[in-house]
Amino acid sequence: MDHSRVPVLEALQEFRRRGDMVFGPPGHKQGRGVDPRVAEIVGLDVFRSDVLSLNGLDDRRQSQGVLSQAQELMADAVGAEQAFFSTCGSSLSVKTAMLAVAGPGEKLLISRNAHKSVISAVVVNGVEPIWVHPKFDRDRHIAHPPEPDDVRRRLEEHPDAKGMLLITPTDWGTCADIRGVARVCHEFDVPLIVDEAWGAHLPFHPDLPAWGMDAEADLVVTSVHKMGGAIEQSSVFHLQYDRVSPEALKQREDLLGTTSASSLVYLTLDGWRRQMVEQGHDLLDAALRRAERIRLAAGDLPGLRPMGQEIVEEGLAAEFDPLKIVIDVRKLGISGMQAAEWLRAERHVDVGGSDTCRISASITYADDDETEKALLDALHALTEGAESIERRPPVRLPEPSALELEQAMLPRGAFFAEVDHVPAERAAGRISAEMISPYPPGVPAIAPGEVITDEVLDYLRSGVEHGVLIPDAADPSVKTLRVVARH
């Protein structure tokens with residue numbers, strides 16, 4: 001296919017050339033009505049590019065096939081049979097993908113280290129989750145993806161499961177053996193869905209971890225805004241084989257997605273695909289070299305422990321994305337969250353993620369010598385300034401087994417049940433009616449339907465005292481919990 005073509009961008013260019021007068025949404029009418037004070041900050045071109053797909057970029061009958069052509073080019077670029085754009089982010093795309101495989105009351109295997117958006121999908125879709133617990137790294141206190149044998153055991157226990165949802169790469173860059181898991185799923189004649197939100201860049205360089213489509217997955221969801229060059233909420237479904245119906249996927253997306261799709265998302269997805277096909281290998285090659293320099297330099301700083309290929313050598317993960325700079329800061333006597341706050345306040349450097357143990361920074365093809373120097377200078381300053389950071393009460397991290405809670409009710413049933421609000425001191429033994437997710441990375445410590453334990457409560461409450469953000473709990477202070485009412 002001709003990857004110099006960008007059908008959506010070309011359609012916008014033609015729209016501007018024609019000079020159409022629009023008498024439908026958006027109400028700002030390509031910036032004519034925008035408050036100049038807004039345009040001064042945001043830029044008028046953002047509004048000039050905000051055009052309806054139908055009766056705008058394309059006609060009412062979609063006869064030019066602008067979007068379908070762009071999607072075909074994307075599929076060809078990454079080696080998928082079909083690709084579909086989504087403008088609602090991968091949080092909604094994963095919900096759609098799950099619903100395309102398993103309906104209400106049906107079973108679906110799911111990695112328990114899933115983001116809260118996946119747990120939300122379980123509630124919305126009404127599927128019965130069969131949790132596949134991740135491999136827990138005690139030393140680093142981090143969850144790596146489950147292995148093929150873990151998936152096999154759960155499929156043998158639940159032969160009526162409709163498929164498997166695997167999360168890889170994780171927020172911290174550790175990757176699953178996708179091919180191994182896919183082959184296990186296919187032995188049982190069920191599809192593998194991969195939540196590859198952090199992996200949009202993977203198809204475009206051989207030194208990066210395996211890409212889901214190349215590794216025999218059936219349906220892969222990527223967030224191009226995370227490691228690629230499209231704007232926020234840019235998501236793509238990639239599909240191959242015949243285990244997931246494209247018709248069902250389109251209908252489920254139509255059920256959950258917006259009817260007011262953003263042309264800005266379509267435009268930037270289209271342009272990023274062209275850039276990656278034409279220049280991606282060289283751009284990512286430079287990014288890989290840069291990330292390795294940063295990792296080595298960070299490792300020479302006192303108190304910092306970067307994570308790298310050793311987790312693969314130790315058998316903890318199948319692969320590792322080297323563009324993720326993940327650094328344990330506990331030897332500085334502070335948490336990752338404190339480190340992130342200090343870096344932002346003192347050095348104006350915003351790292352991508354943090355938790356009780358570590359910080360992470362994503363290196364992409366957009367980085368250059370200036371950003372590399374800024375990050376390394378900030379890390380050096382952190383090691384020198386850490387002693388001045390006020391010590392906070394420690395987060396009491398539970399044993400890995402304590403994080404595997406009993407599922408006493410289906411998440412949907414618990415979430416919509418009649419509820420009580422009980423003090424934390426009396427919550428142990430009760431069934432949660434809410435999600436409680438330390439954020440970031442946003443993996444629920446407690447999901448609806450799980451039995452609350454003292455160990456997890458202690459972890460969450462000590463986390464709040466330390467400064468952990470828990471935005472989805474009814475009471476973010478976790479002084480009270482929302483539980484299923486007793487009758």
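Author: Start just after helix H8, where Asp189 takes a positive phi of about 60 degrees. Two notes on the basis come before the rest. This is a predicted model, in which local features need pLDDT of at least 70, side-chain atom pairs count only at pLDDT 80 or more, and totals for chains, interfaces and linings use all residues. Residues are numbered from 1 along each chain as its sequence is written, and side-chain values use heavy atoms, with hydrogens and water left out.

Now the helix itself. H8 spans residues 178–187 and is mostly covered, with 7 of its 10 residues buried. Buried means under 20% relative accessible area; exposed means over 50%, and partly exposed lies in between (1.4 Å probe, protein chains only). Helices (H or I, at least four residues) and strands (E, at least two) are DSSP runs, numbered from the N terminus. The buried residues of H8 are Ile178, Gly180, Val181, Ala182, Val184, Cys185 and His186. An α-helix has 3.6 residues a turn, so residues three or four places apart point the same way.

What does this buried set pack against? Its partners are helix H7 (148–157), S6 and strand S8 (192–195). Leu192 shows the packing in detail. Contact means heavy atoms within 4.5 Å. Leaving aside residues up to four places away in sequence, Leu192 touches Ile178, Val181, Ala182 and Cys185, among others. Met164, Leu166, Ala217, Asp218 and Leu219 are also on its list.

A nonpolar core is a set of buried Ala, Val, Leu, Ile, Met, Phe, Trp, Tyr and Cys residues joined through side-chain atoms within 4.5 Å. The largest one has 85 residues. Those with the most contacts inside it are Val151, Met164, Leu192, Ile359 and Leu379. Helix H11 (residues 263–299) gives the largest share of this core, 12 residues. A second, separate core has 27 residues, including Leu108, Ala114, Ala121 and Leu165.

Back to the backbone. Pro169 sits in the loop between strand S6 (164–167) and strand S7 (174–175). The peptide bond from Thr168 to Pro169 is cis, with omega near -5 degrees. Another cis bond joins Pro25 and Pro26, with omega about -5 degrees.

Positive phi also turns up elsewhere. His141 is not a glycine, yet its phi is near 50 degrees. It lies in the loop between strand S4 (135–137) and strand S5 (142–144). His141 is buried, at 17% relative accessible area. Gln233 has a positive phi of about 80 degrees, and at 45% relative accessibility Gln233 is partly exposed.
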